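I opened this model to see how its parts sit together. My notes follow in the order I looked things up.

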Amino acid sequence: MGRGAQGQTQDLTDQQLRQTNALNQQLLGQQQSLGNLLAPQFQNIVNNPGFSAADKAAITGQSQGALTSAFDSLQQAAANRVARTNNNAGFSELTDDLARQKAQQQASLAQQNQINFSNTAFQRQMAGLQGLSGLFGVDTNLLGRTLGIPAELLNVRANASRPSGFFTSLGSSLGGTLGGIPGLFL
């Protein structure tokens, strides 16, 4: 009786081990498949993190166009007042002041657009690196040191422009999830 029960226990243990190994192989295959799909996409984000030239032109055009429209509207209101009152006193000064303010606002807006373009590129690049890090289990601090970037600098820069949004969430969640799967095989 002892031998039969032991043989049955051994058979059940072997069967469970085979099922576990099959499941692990299936998970490994799925992870590799997903990694093969996502790695080039994350690499593309790292290599091309910012907006395209066309996107930058469209954003700049839209923001500058809205600003110009607002100032043109003010200019037209001033011209209408002169026509309505038949009194052009102060119109030249007002026109000059509007032109000056418009130029200052356009310069400020152009500067802000450039800062936003740079921050977006950095955030997307960090999201891509986080995604790759999660896929391959690479420590970003170690990667930074390998590239000659001090970890403190990475932390300061990362904290200064805390990434948020779709790309960051995608990179962190997918990378973290896929990075944890190899632990199932050990």
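I began with helix α2 (residues 53–85) and α3, whose axes come within 10 Å and cross at roughly 165°. An axis here is a line fitted to C-alpha atoms, for helices over the stretch in contact, and angles run from 0 to 180 degrees between N-to-C directions. The crossing makes α2 roughly antiparallel to α3, a label for angles over 145 degrees. I also noted that the crossing of α2 and α3 is right-handed; that is, the near helix is turned clockwise from the far one by less than a right angle.

I noted the source next. This is a predicted model, in which local features need pLDDT of at least 70, side-chain atom pairs count only at pLDDT 80 or more, and totals for chains, interfaces and linings use all residues. Residues are numbered from 1 along each chain as its sequence is written, and side-chain values use heavy atoms, with hydrogens and water left out.

Then I looked at the whole chain. How many helices and strands does the chain have? I found six helices and zero strands. Helices (H or I, at least four residues) and strands (E, at least two) are DSSP runs, numbered from the N terminus. Along the sequence the pattern reads α-α-α-α-α-α.

I checked burial too. Of the 186 residues in the chain, 22% are buried. Buried means under 20% relative accessible area, exposed over 50%, and partly exposed in between (1.4 Å probe, protein chains only). The chain exposes about 12,400 Å², and carbon and sulfur atoms supply 56% of that area.

Contacts came next, meaning heavy atoms within 4.5 Å. I took those between residues at least 6 apart in sequence; 81% of them join residues at least 24 apart.

Q106 is in helix α3. Is Q106 buried, exposed or partly exposed? Q106 is partly exposed, with a relative accessible area of 26%. Leaving aside residues up to four places away in sequence, Q106 touches Q64, L67 and T68. Q106 and T68 are 38 residues apart along the chain, yet 8.2 Å separates their C-alpha atoms.

A99 also belongs to helix α3. I found A99 partly exposed, at a relative accessible area of 46%. A99 and D72 lie 27 residues apart in sequence and 9.6 Å apart in space, C-alpha to C-alpha.

I followed α3 to another residue, T120. T120 is buried, with a relative accessible area of 18%. Which residues does T120 touch, not counting those up to four places away in sequence? I found P49 and F51.

I stopped at the loop between α2 and α3, where N86 is found. N86 is exposed, at a relative accessible area of 72%. Its phi is near 55°, a positive value in a residue other than glycine.

Last, I looked for the largest nonpolar core. Seven residues make it up: L38, A39, F42, I45, V46, L132 and L135. Helices α1 (2–47) and α3 (91–136) each supply at least two residues of this core. Helix α1 gives the most, with five residues. A nonpolar core is a set of buried Ala, Val, Leu, Ile, Met, Phe, Trp, Tyr and Cys residues joined through side-chain atoms within 4.5 Å.

Notes:
Areas by Shrake-Rupley, 256 points an atom, 1.4 Å probe, with all protein chains shown as cover. Parallel < 35°, antiparallel > 145°, perpendicular 65-115°, else oblique.
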